[in-house]
Amino acid sequence: MRTLGRSSVLVLFLLLGCVPAVSQASAKPKIVGSLIKQLQNGKDAQRVEAAMAIGKLGSSGSKALPTLLLLVEETGSAAVRQESALAIANIGKRGVSLLKRALDDRKNTPRIIAALYTVPHLGDRAVPLLPLVHKLWLI
């Protein structure tokens, strides 16, 4: 039987919405730090879980932006790239501007694909990305 590590339990609670709102504010920096470690050192499945959890934190997960961006740019796993890009988008305006840069990078096809994956999930926040998506469509 496999046991869950502390960071895995935190991710699971966060994904299930089980962390009480009162304790979330004080727990978020610790959770984000733990999730960043999981992004850096985990296996692909753990990285996907961590990216999903960070995305659920919204702007509170902004400390993870550099690590998430690195995963979008350099990881070999499409699932990790896509979930990392989606987490970046869910962090807020700063994340959307990073995705805009990713869509404008003609040299990194996996990065473009990961950024494109996020567009349908963004709703109104996708508006700044639409001209770049249109331009890619015409290429």
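**The whole chain**

Begin with the protein chain in cartoon view: it has eight helices and zero strands, where helices (H or I, at least four residues) and strands (E, at least two) are DSSP runs numbered from the N terminus. The model is predicted, so local features need pLDDT of at least 70 and side-chain atom pairs count only at pLDDT 80 or more, while totals for chains, interfaces and linings use all residues. Residues are numbered from 1 along each chain as its sequence is written, and side-chain values use heavy atoms, with hydrogens and water left out.

Of the 139 residues in the protein chain, 44% are buried (under 20% relative accessible area, 1.4 Å probe, protein chains only).

**The core**

Next, select L68 and I88, which touch the most other members of the largest nonpolar core, a group of 37 residues. Such a core is a set of buried Ala, Val, Leu, Ile, Met, Phe, Trp, Tyr and Cys residues joined through side-chain atoms within 4.5 Å. Helices that each supply at least two residues of this core include α2 (21–41), α4 (65–74) and α5 (78–91).

Now centre on L68. Apart from neighbours within four places in sequence, L68 is in contact with L39, A51, I54, S84, A87, I88 and I91; contact means heavy atoms within 4.5 Å.

**The α4–α5 pair**

To display the contact, select L65, L68, L69, L71 and V72 of α4 with V80, R81, S84, A85, A87, I88 and I91 of α5.

Definitions and conventions. Buried < 20%, exposed > 50% of the residue type's maximum accessible area, 1.4 Å probe, protein only.
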